Amino acid sequence: MLECVPEGPVEHTIGKINPAKTCQPLGAMYAALGIHGCLPHSHGSQGCCAYHRMHLTRHFRDQVLASSSSFTEGASVFGGAANLKTSIKNIFEIYNPEIIAIHTTCLSETIGDDLPTIIKQSEIPEGKRVIHTNTPSYYGSHITGFSNMVKSMVSYLAEANEPVKKNQVNILPGFVNPGDMREIRRIVNDLGVSMIMLPDTTNVLDAPQTNRYVLYPEGGTTVDEIIDTGNSKLTLALGSFASEAAGAMLLEKCNVPCISLHTPIGLKATDDFIMALKENFGVDVPKSLTIERGQVVDTLIDIHFHYQGKKVAIFGDPDIVIPLTEFVLAMGMIPKYVLTGTPGSRFEKEINEMLEQYQIEGSIVKAEGDLFELHQWIKQEPVDLLLGTTYGKYIARAEDIPLVRVGFPILDRAVHPLMPITGYRGCLRLIEMISNTLLERRDRDATDEDYELVL
Amino acid sequence: MAINNEVLEEILLPYPDKVKKNRIKHIVRVNHEESCQQIEANTRTIPGIISQRGCAYAGCKGVVVGPIKNMVTITHGPVGCGYYSWGTRRNKARADDKTPPEKIYSAMCFITDMQEPDIVFGGEKKLAKMIDEVVEMFHPPAINICATCPIGLIGDDLGAVAKAASERHGIPVLSYNCEGYKGVSQSAGHHIANNILMERVIGSGDGVKKPDEYVINILGEYNIGGDSWEIERILHDIGYTVQGVLTGDSSYEEIQNLHIANLNLVMCHRSINYIAEMMEEKYGIPWLKINFIGIEATKKSLRDIALVTGNESFIRKTEEVIAREEARILPAIEQYRKICTGKTAFAFVGGSRSHHYQHLLKDLGMEVVVAGYEFAHRDDYEGRQVIPTIKTDADSKNIPDLDITPDPELYQEAHVHLNLSKEKYDEICNKVQLGYYEGMYPDMHSGNLMIDDCNHYEAERLVQELKPDLFFAGVRDKYIAQKMGIPAKQLHSYDYSGPYAGFNGAINFARDVAHALTTPAWKFITPPWEKGTQTGENHA
């Protein structure tokens, strides 16, 4: 596998080889699916929409519906206004959504279509809504696109229309699986805090089989709830890359203060999340959560020798990789290489601070990197474990290193979108996956005399 | 279980007038009593409609040129297009005596990852630099450069960058202006790729045919799930030499030497018929439409090929191989056929498979009651005789037809390529139609539907009306059908199984379809506490 990859060192200074990111519109489409009754719309040629739907469907193994402006050469030359107006008319008549969430593509961005004006000139039925966000594929990544779409939801819809703030929290979960959103909601519910999650893809992309098909599944944040985010007392933006922009917009537009936290992956990030809710809402942490936490610490102490001191390469989206690195450090492992495809110097800064705190030297941390680079580093000095998306499987096979699949996308294993890696239960799941994978490898490689019953 | 016109009318009712007027022309209720039923195809997708179609880039890079295993294919554009077409089409490739493993780039993804300044100031320098680095690192025998939407808009001259790079590095660098907005679907991209491969690659090799070999190319076979390996296994057993497959598991050198063949076989008519036709014009090599999906279809294809060779030994060997394979697979398939027989299906895929798979499903006793292509042309439905009557429009005109003239040295009459006397050739042509495809229409029963560019709404409504037992489509539609209670199989990626072609493929397919129909979970949908209540339904 990958015999073509040079042993190095190489000069790879331009473009991406085996990218660790994709383009903005995909993230915008995923975010829009987290609005109830929403049809995401891709303003570009139909291939973009086809690719994004396929990619999301492969990860979630559930329906992903979205429409396209289906540009042809003519629209690309003369502008896409007519295509978008026709789209809006057709969508409301045929698919009757509550709301259309439009995102742009590199095509419509390059020709400079003015979406607010086109939307204003479109026929929008009474009571229905059309929102948009700009997602040029040549800037940022799919995480930027997700962030932009959530920010647009706020800027279009959120209103501070109550005289006093309600005793409720806005949770911006970021680009995580519905299983994680479900777990985050459970923790907030257990704490007894009233919440609005934005967006919320539970019961959309993890919908049950009932034989009763609906175009718009039960889940998703309703438009009324999005409006009401302006009346909340506090926003918790989980994951700065995906959520901070919307949090800042809620502050600016509706005067809702925002606390930016890590996505609650791992012990410390989950502790911080719970403490933020406890301190701002004056709630007691229920015994059930204290027990869950204690179970995590108990497990970490019990089986640290399965993984402590092992070198790991972590790659994926920044809001997942940052707290995952934090947890891996808490497990006593050594994050040798930490990489995201999404640009942003903050990624490197945060990870390097963590490494410093644990006095780990000689690691490589990089934002806006690609998996070819990661492979080159591994060829120079190997690691014991890969922690990241499905795209790591080629390196895993080429270098015979086990891979634990975490993050987006996971295209070759199922059930992941339903199972959380967030919260204390997520900690247990991560420990189990990492520990089992390393032990499978130990068993595989053991000679008969070293093959043991109890480990 | 045919659909009547009133129901069809009712399905189209919610459409705005313009949409209805458009879509009605893409839907044909097959009636073999009527003459010349016409379907509209290869026209623009209606904006706002949830279509199954992709773009020209997907057709060019994703389908045709991406699978060439020893070429580095660089996508010039922002990160998405190259990323989505990385490893997702299941074109299998492996090393062989001509292509060592270190020259196989199939698991890699190369993108210039254009940023905002590149859009503003142009991306030519970035592309040129990336080619230089890639050559330095990977030493590929040849390079493809595929354009994405912004390239044509900002005016990057791919041809010039490719030419300069080719001169710098002394290897072929091919560029494809397959911007996603070109044409109306993937189909435009197929045509663009066909043109470049014909102009630049085919015929440029110095391969020669050994005198005792009967050389065949398989055009429009992409080795998804290993299909082409199964087809080649059978052809080798009969005694043919397969020179090249376009483009499944193919190498640049194989494509360079396609012109040494006696005969071209065409599997996917839509994506490759241009090259088949152009090779006939340039070299005189005849082509035969075949279909290796289905036991009967495979048998017919093998017999047609043997007949075209006019060679008694091939004809005899073909019958031996068929007898041997049938004796092996028919008993194995019987257990699955029992489960499948009498069932109905919908098929919405590509530009050939919705037809090809009807043969395999028929072998299993199933009937396709609604079928349609995503990006086909009228000839894929109605047969090639309609080609002269198809009007070109603004979208199709943008992809030029190459001006091909007979090669002064290599052109020979078809019968010479086939090692036949003119008389024998004429006699064979009366039995097997060379250079022809009859389309899907003759294989559809009266009362069944052909739908071009079927969209989500139509598919959903037709499932409600006709309640098929199985739904064959791509990944985007699979889970929609399943949420409606209809088992669905992906016919683009075979749900990661395969091969489905040839004799072994028929067993794999029969097993997978039987499993989809019988997986026990379908019986557990209604919780016991809802059984017998109004809301509860029991699929089983």
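In chain B, strand E6 (residues 215-221) and strand E8 pair in the parallel sense over four bridges, where two strands are taken to pair if DSSP finds at least two bridges between them, and where helices (H or I, at least four residues) and strands (E, at least two) are DSSP runs numbered from the N terminus. The model is a predicted one, in which local features need pLDDT of at least 70 and side-chain atom pairs count only at pLDDT 80 or more, whereas totals for chains, interfaces and linings use all residues. Residues are numbered from 1 along each chain as its sequence is written, while chains are lettered from A and ligands numbered from 1 in the order in which they are written.

Within this pairing, Asn264(B) in E8(B) is the bridge partner of Asn217(B). E8(B) also pairs with strand E9 (residues 287-289) of chain B, in the parallel sense and over three bridges, and here Asn264(B) stands opposite Trp287(B). From strand E8 (residues 263-266), the residues Leu263(B) and Leu265(B) point one way and Asn264(B) and Val266(B) the other way, and all are buried, a residue being buried if 20 or more other C-beta atoms, placed from the backbone, lie within 10 Å of its own, exposed if 12 or fewer, and partly exposed in between. Helix H12 (residues 269-283) of chain B contains Glu277(B), which counts as buried because 20 other C-beta atoms lie within 10 Å. The C-alpha atom of Glu277(B) is separated by 13 Å from that of Ile387(B), although the two residues are 110 apart along the chain.

Chain A comprises 17 helices and 14 strands. Its radius of gyration, taken over C-alpha atoms, is 23 Å, which agrees with the value near 23 Å for a compact globule of 455 residues under the rule of 2.2 Å times the number of residues to the power 0.38. The C-alpha trace of chain A spans about 75 × 55 × 45 Å along its principal axes, and 57% of the 455 residues count as buried. Of the contacts in chain A with a separation of 6 or more, 73% are between residues 24 or more positions apart, a contact requiring that the C-beta atoms, placed from the backbone, lie within 7 Å.

An open sheet of four strands in chain A has the order E3-E2-E4-E5, with parallel pairing, and its edge strands, each pairing on one side only, are E3 (67-68) and E5 (129-133). Strand E2 (residues 38-43) of chain A is joined to E3(A) by two bridges, with His41(A) opposite Ser67(A). Helix H4 (residues 81-94) of chain A packs on the sheet, touching E2, E3, E4 (99-104) and E5 of chain A, and its direction makes about 160° with that of E2(A); axes are lines fitted to C-alpha atoms, for helices over the stretch in contact, and angles run from 0 to 180 degrees between N-to-C directions.

Between the chains, 69 residues of chain B are in contact with 63 residues of chain A. Helix H6 (residues 124-138) of chain B supplies the largest share of the side of chain B that touches chain A, seven residues. Strand E1 (residues 16-17) of chain A and strand E3 (residues 110-111) of chain B pair in the antiparallel sense over two bridges, and Ile17(A) stands opposite Phe110(B).

Definitions and conventions:
Two residues are in contact if their C-beta atoms, placed from the backbone, lie within 7 Å.
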